[in-house]
Amino acid sequence: MILVADSGSTKCDWALIDAKNNITEFQTMGFNPLFHSEDLIVETLRKHQAVDAHFKSVTFLYYFGAGTGSETLRLSMQAALKKVFPFAEKISTHTDLQGAALATYEGTPCICCILGTGANACFYDGHNLKEKNPALGFILGDEGSGAFFGKKLLAAYLYRQLPPYLMTAFEEQYGLNKEIIIEKIYRAPRANVFLASFMPFFHAHRNDEFIRKILSNGFRHFFLEHVLCFKGYRNLPVHFVGSIAYFFSAELLIEANRLGITLGQIVSRPIEKLKGLDWKSN
């Protein structure tokens, strides 16, 4: 059996493909070797029912995931997967950007972007993948991502900059205070996932002027840092994967038009495209 996985920091989508091309899908928490230890990844996967049921039958595994940009972290993720799927003949570990590029490529050179919990972008011509500005994570970068917008919202809330009705709505929905927020961000694990968890609030209030401005500035910031850096960007389709790009496609399009950027595909879940590729020939 062939197993294909696409992982962000929040969730990981898996597709198990048998000899007759029947596909079984399941989902686990997202893995990022930058934040998650090898032991945690192994323990979490071994406890999952679908993994436990099929780990002996997986012969080829293609994993695309966040946090595997460096060789050290890629090998760490690969080592964890080898422990979980010891009978696999081949385990191939790649970046989430490579998965995003494969999921959106339409036969012509393009710029492929990720806007989910985190953010990143690359140029892809069907053979070569080139990054320009590095992904710096939710503390230094991730412009336009769920974590980025979560930081903006929490800061506005704690500084009491939200309009009164948004302050009330936020307090009623989340019941948070400064102490809890600081604990979640600076001491608890998966702070980036916590920050991105506030995107439903953005979506519910997306027509509010204050929220619209945050979204507009965030997406513009992403384009300026991660798309305009590529030569000839105006002549290339710019594809996106990720929940933020998908659910806020209207706001994303407005900023793209302002900058003369041509949006291409917007794919919520790359696994929907990846599972249909011809892995048997690889």
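Predicted model: local features only at pLDDT ≥ 70, side-chain atom pairs only at ≥ 80, totals over all residues.
Thr 95 touches Phe 64, Gly 65, Thr 68 and Gly 69, once residues up to four places away in sequence are set aside. Thr 95 sits in strand β5, which covers residues 90–95. Is Thr 95 buried or exposed? Thr 95 counts as buried because its relative accessibility is 14%, and the limit for that class is under 20%.

Apart from neighbours within four places in sequence, Leu 274 is in contact with Val 4, Asp 6, Phe 64, Gly 99, Leu 102, Ala 103 and Trp 279. Leu 274 belongs to helix α14, residues 271–274. Its relative accessibility is 0%, so Leu 274 counts as buried. One of its contacts deserves a remark on sequence distance. Leu 274 and Leu 102 are separated by 172 residues in sequence, yet their C-alpha atoms are 7.1 Å apart in space.

Trp 279, another of the contacts of Leu 274, is found in the segment after α14. Trp 279 also counts as buried, because its relative accessibility is 6%. With residues up to four places away left out, Trp 279 touches Ile 2, Val 4, Ile 17, Tyr 62, Phe 64, Leu 102 and Leu 274. Please compare the two lists of contacts on the structure. For a contrast in distance, take Trp 279 and Glu 183: they are 96 residues apart in sequence and 44 Å apart in space, C-alpha to C-alpha.

I now turn to the nonpolar cores. In soluble globular proteins, nonpolar side chains tend to be buried together. In this model, the largest nonpolar core has 47 residues. Which of its members touch the most other members? They are Leu 115, Phe 149, Phe 202, Phe 222, Phe 223, Val 227 and Phe 240. Helix α6, residues 146–158, gives this core its largest share, with seven residues. Leu 115 has contacts beyond four places in sequence that include Phe 219, Phe 222, Phe 240, Val 241, Ile 244 and Leu 252. Also among the contacts of Leu 115 are Glu 143, Gly 144 and Ser 145. There is a second, separate core of 22 residues, which includes Phe 26, Phe 31, Ala 50 and Val 58.

The largest pocket holds about 1,000 Å³ of space. It is lined by 49 residues, and those closest to its centre are Gly 8, Ser 9, Ala 66, Asp 96 and Gly 118. Elements that each supply at least two residues of this lining include β1 (2–7), β2 (11–17), α4 (96–104) and β7 (119–124). Among the others are α9 (191–196), α10 (199–204) and α12 (243–247). By class, the pocket lining has 20 nonpolar, 23 polar and six charged residues.

How many cavities of 30 Å³ or more are there? The count is one. The largest cavity has a volume of about 30 Å³. Its lining consists of Ser 9, Phe 35, His 36, Arg 190, Asn 192 and Val 193. Two of these residues are nonpolar, three polar and one charged.

Most residues other than glycine have a negative phi. Arg 190, however, has a positive phi, near 55 degrees. Arg 190 is in the loop between α8 (178–186) and α9. Because its relative accessibility is 28%, Arg 190 counts as partly exposed. Arg 160 likewise has a positive phi, near 60 degrees. Arg 160 lies in the loop between α6 and α7 (164–174). With 60% relative accessibility, Arg 160 counts as exposed.

I close with the cysteines. The count of disulfides is zero. Cys 229 is in no disulfide either, and the nearest cysteine sulfur, that of Cys 113, is 9.1 Å away. Cys 229 is at 22%, so Cys 229 counts as partly exposed.

Terms used
Residues numbered from 1 in each chain as written. Heavy atoms only, no water. Disulfide = S-S within 2.5 Å. Buried < 20%, exposed > 50% of the residue type's maximum accessible area, 1.4 Å probe, protein only. 1 Å grid on protein atoms, 1.4 Å probe; cavity = no way out; pocket = protein on both sides within 12 Å on 5 of 7 lines; lining within 4 Å. Points joined across faces, edges and corners; volume = space filled by probe spheres on them. Helix = DSSP H or I, 4+ residues; strand = E, 2+ residues; numbered from the N terminus. Nonpolar A, V, L, I, M, F, W, Y, C, P; charged D, E, K, R; others polar. Contact = heavy atoms within 4.5 Å. Core = buried A, V, L, I, M, F, W, Y, C linked by side-chain atoms within 4.5 Å.
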